[in-house]
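Please read this briefing beside the sequence and the model.

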Amino acid sequence: MALYKDGTRLYLDTSSVFDQICSPGTPVPASGIYRCVGCGKEVAANQGNPLPTQNHAQHDPRVHGPIRWQLLVYAQ
């Protein structure tokens, strides 16, 4: 779970970029914090770089299904 200390520095945004579910190895559509939909692990990722692959820690595909990344916090 992403944490923050000062909520006045965060803004609500309903952009569709938050709705995209991305596969491992695909280019990051927007820089920010991504959360694995299955196991909940979070990673920081830069736009254009590939998202982490099947070997990320904590993810057991037998329990959590395939790795799927979703943007949680957009770094503007």
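In strand 4, Trp-69 is the bridge partner of Cys-22, where strands are DSSP runs of E with at least two residues, numbered from the N terminus. This is a predicted model, in which local features need pLDDT of at least 70 and side-chain atom pairs count only at pLDDT 80 or more, while totals for chains, interfaces and linings use all residues. Residues are numbered from 1 along each chain as its sequence is written, and side-chain values use heavy atoms, with hydrogens and water left out.

- An open sheet is formed by 4 strands in the order 1-4-2-3, with antiparallel pairing; two strands count as paired if DSSP finds at least two bridges between them.
- The edges of this sheet are strand 1 and strand 3 (42-45), each of which pairs on one side only.
- Strand 1 (residues 21-22) runs antiparallel to strand 4 and is joined to it by 2 bridges.
- Strand 2 (residues 32-36) is also antiparallel to strand 4, with 5 bridges joining the two, and Gly-32 stands opposite Tyr-74 of strand 4.
- Between strand 2 and strand 3, which run antiparallel, there are 4 bridges, and the partner of Tyr-34 in strand 3 is Val-43.

**The cysteines**

- A search of the whole structure finds 0 disulfides, a disulfide being a pair of cysteine sulfur atoms within 2.5 Å.
- Cys-36 is in no disulfide, and the nearest cysteine sulfur, which belongs to Cys-39, is 3.8 Å away.
- Cys-36 counts as buried because its relative accessibility is 0%, where buried means under 20% relative accessible area, exposed over 50% and partly exposed in between, with a 1.4 Å probe and protein chains only.
- Cys-39 is buried as well, with a relative accessible area of 19%.

**The largest pocket**

- The largest pocket has a volume of about 460 Å³; on a 1 Å grid over the protein atoms alone, a pocket is an open set of points where a 1.4 Å probe fits, with protein on both sides within 12 Å along at least five of seven lines, and the volume is the space filled by probe spheres set on the points.
- Its lining consists of 15 residues, each with an atom within 4 Å of a point, and Leu-10, Tyr-11, Leu-72, Val-73 and Tyr-74 lie nearest the centre of the pocket.
- Strand 4 (residues 69-74) gives the largest share of this lining, with 3 residues.
- By class, the lining holds 12 nonpolar, 1 polar and 2 charged residues, where Ala, Val, Leu, Ile, Met, Phe, Trp, Tyr, Cys and Pro count as nonpolar, Asp, Glu, Lys and Arg as charged, and the others, Gly among them, as polar.
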